[in-house]
Amino acid sequence: MIPPISSTSPLPADQWAAVRSRAIFDCCKWDVQSEDHCVLARSPLLIDAADWQTLATAAERLAVEALAAERELFHRPELHQILGLPRTILRQLAHRDRFEPPAEACRVMRFDFHHTSDGWRLSEVNADVPGGFIEAGGFTRLVAQYLGCGTAPPDPASVYAAAISERVGTGGLVALVHATAYSDDRQVMQYLAAQLAKHGVRSILVSPAHLRWNSGRARIECSFASETPDLVVRFFPGEWLPELQPRVCWINYFHSSLTFQSNPATALLIQSKRFPIAWNYLQTPLPTWRTFLPETICPSQLPRNWRGEWVLKPVFGRVGRDVGIAGITQENELATIARSAKRSPTEWAAQRQFDLLPIATPDGTRFPSIGVFTVNGAASGLYGRLARKRLIDHEAQDAAVLIRGARPEAS
Amino acid sequence: MTREELYSIWAPSDSPWSPWVMPVAFAQLPPDFLAAAPAAPARSPWVLPGLADQIQESTARSLNSLSVPEIDWSAVGPPATTALVVDLPGDQSVMVGAAAIARGYRPIPVFASAAGPAEVLPGLPLADNSPGVAVSIGPVLRAILDATPRLAGASLALDSPPVFLLDARRMSPQVPVTDGVFDNRSKIFPEDFPSARFLREHGIARVILVQQARVQPQGDLSHVLLRWQDAGIAILAAETGRSEPAVPITVERPSRYRALWYRALAMIGLKRHNVGGFGGFQGEWGGAG
């Protein structure tokens, strides 16, 4: 089988130095080094135009289906326990008869695809706070500029900013909510702020503590700003929100918000890795999800000899955290994960394992994943990662993904 | 000089240690900051050269008094097998790094805190304390700017050993972190440093931790140093302002040491501090702020 994605030769040293420097200073990519390796791959990935179209179309259908399912789930609290939501969030959503869903705008998601022996497969959706804007945006454009072959897909941050601009209008104000203590997160917010500025939108970077909610409307109140935003962009994981005290700091992320949110925290309803376990109870048809996502069950239903056939994932795990795969995860770690899944099965999901296909790169054999961004349901960029093993985790490198030949049509 | 040029002075392409110069502090400078700085006379962020020399000489004397074993501070030329980790308040760290240039060390800033929203603006001075910001980075940036001419003028060898510069205040807010305050506290992680294998491959056999009035490293730094120590790198500790020699230490095992998901757990452990803010951590970090 000819792989639809391949790795190119690395950029020459002088060009790579320029790309790295511009990624830092033009694109706010501050975490370029991780121990002994650069987190940015010097060799970009090339994907066939036909495969880009396949993935873009699939992602757009997945987004439409997911949002329809989220809307139904919001009004079906009897299914929320299946999703493994934290108790504090369950309590808030249980009152859905008295509350309206939060006002939402500019929904952004990232669908992670993998090339397998059965074709493209989806491992998960990042529907709550997807990352990768810098790498899929500015960094990819820089690489395309220097490489001279292949076309950069749309910049998801730019598409996102344009969508926000359309919603709030020129001169509108956006609160970019994030954990300010983490420069890894702040760099994303600063990059997005720069994109918003290009579209005539003002932004203020704040922590959740800087936002006050009054009758469902958000207001920024802190030592450096006191204004009412037209829209709140949240880059703070939804499942962390209940840690905020008092409760009025966070409940409007889940319901009754009159200020537009991107994304509302109800995104957790489809972000949960146990979302597929609720499918059979939903009226919403999910044909594209059923096509691309491997079978997913509750760990309590796993056969005794599940290893090698199934993958264990925590309900709200990110970046491959605590994923248990026999032969990949260290044995003691896998045993711990298996015990935890047996003890608290509703906090885990078991996904049927697929056969990831590797590609050859100048650095050796690597396993790629392709994240497809959607903004308001339209495919809006590609986020490539390269892992040494059959698990995309924090050790994976970020790779620019360029499209062979024709200009991208979807966006 | 642009901020990119400033960064390239601290992270030249031919030094093996340059990849670990953390860009965060440099990226906080506005693109036109350095171009505008000379035009701001009385409020310039630049310290007068004479004063800078005094500071650096003072720091150099302090470093001289460390009497670090196997390092002859009065000798010219780099100590071949020793790296330094300086964990002092940020500006002092940079000054020690500047003094170490003359000893043949290459300073490697590892500052992770972002600037407050109005902390670094074109044409304005870098303040010692910025109201409403948990950890002011003004002093760190000013010290970097002050030390730049010395570094740019130095003829460091390609194999000059590193002196990693940390801000000891990274988890210690200068103001109570109430809800309105910009919380830019930060931690460092093993991923922010070279591995023990890389150190050994580049001739480093021992690391001297330089800090104030303590022997054991801060909790987050313990994760780094213990990994190195486990891999056979000797770890010594020295205190500034004392003439006692550096002493070998056994780095105490921090919680979650070598946990596969230590970094992720630390992030997930991010909790709202009991007086507000978002830089407080559970577990070993609970007392930090």
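These legends go with close-up views of a predicted model.

**View 1. Helices H4(A) and H6(A) packed against each other.** H4 (residues 133-147) and H6 (residues 183-198) of chain A meet at an angle of about 50°, and their axes sit 10 Å apart. That makes H4(A) and H6(A) oblique to each other, and their crossing is left-handed. On the H4(A) side you'll find Phe133(A), Ile134(A) and Gly138(A), which meet Gln187(A), Val188(A), Tyr191(A) and Leu192(A) of H6(A). Sorted by class, this contact has 5 nonpolar and 2 polar residues, with no charged ones.

**View 2. Strand E18(A) and its partner E5(A).** E18 (residues 364-375) of chain A has 9 of its 12 residues buried, so the rest of the structure largely encloses it. Strand E5 (residues 108-116) of chain A runs antiparallel to E18(A), joined by 6 bridges. Look for Phe113(A), whose bridge partner is Ile370(A) in E18(A).

**View 3. The hairpins that involve E18(A).** E17 (residues 359-361) of chain A is antiparallel to E18(A) and joined to it by 3 bridges. Here Thr361(A) stands opposite Gly364(A), and 2 residues lie between the strands of this hairpin.

**View 4. Where chain B touches chain A.** Here 39 residues of chain B are in contact with 33 residues of chain A. Elements giving two or more residues to the chain B side include helices H1 (3-10) and H2 (24-27) of chain B. H9(B) provides the largest share, 3 residues. By class, the chain B side comes out at 21 nonpolar, 9 polar and 9 charged residues.

Terms used:
Residues are numbered from 1 along each chain as its sequence is written. Chains are lettered from A and ligands numbered from 1 in the order in which they are written. This is a predicted model: local features need pLDDT of at least 70, side-chain atom pairs count only at pLDDT 80 or more; totals for chains, interfaces and linings use all residues. Axes are lines fitted to C-alpha atoms, for helices over the stretch in contact, and angles run from 0 to 180 degrees between N-to-C directions. Helices (H or I, at least four residues) and strands (E, at least two) are DSSP runs, numbered from the N terminus. Angles under 35 degrees count as roughly parallel, over 145 as roughly antiparallel, 65 to 115 as roughly perpendicular and the rest as oblique. A crossing is left-handed if the near helix is turned anticlockwise from the far one by less than a right angle, and right-handed if clockwise. Two residues are in contact if their C-beta atoms, placed from the backbone, lie within 7 Å. Ala, Val, Leu, Ile, Met, Phe, Trp, Tyr, Cys and Pro count as nonpolar, Asp, Glu, Lys and Arg as charged, and the others, Gly among them, as polar. A residue is buried if 20 or more other C-beta atoms lie within 10 Å of its own, exposed if 12 or fewer, and partly exposed in between; C-beta atoms are placed from the backbone. Two strands pair if DSSP finds at least two bridges between them.
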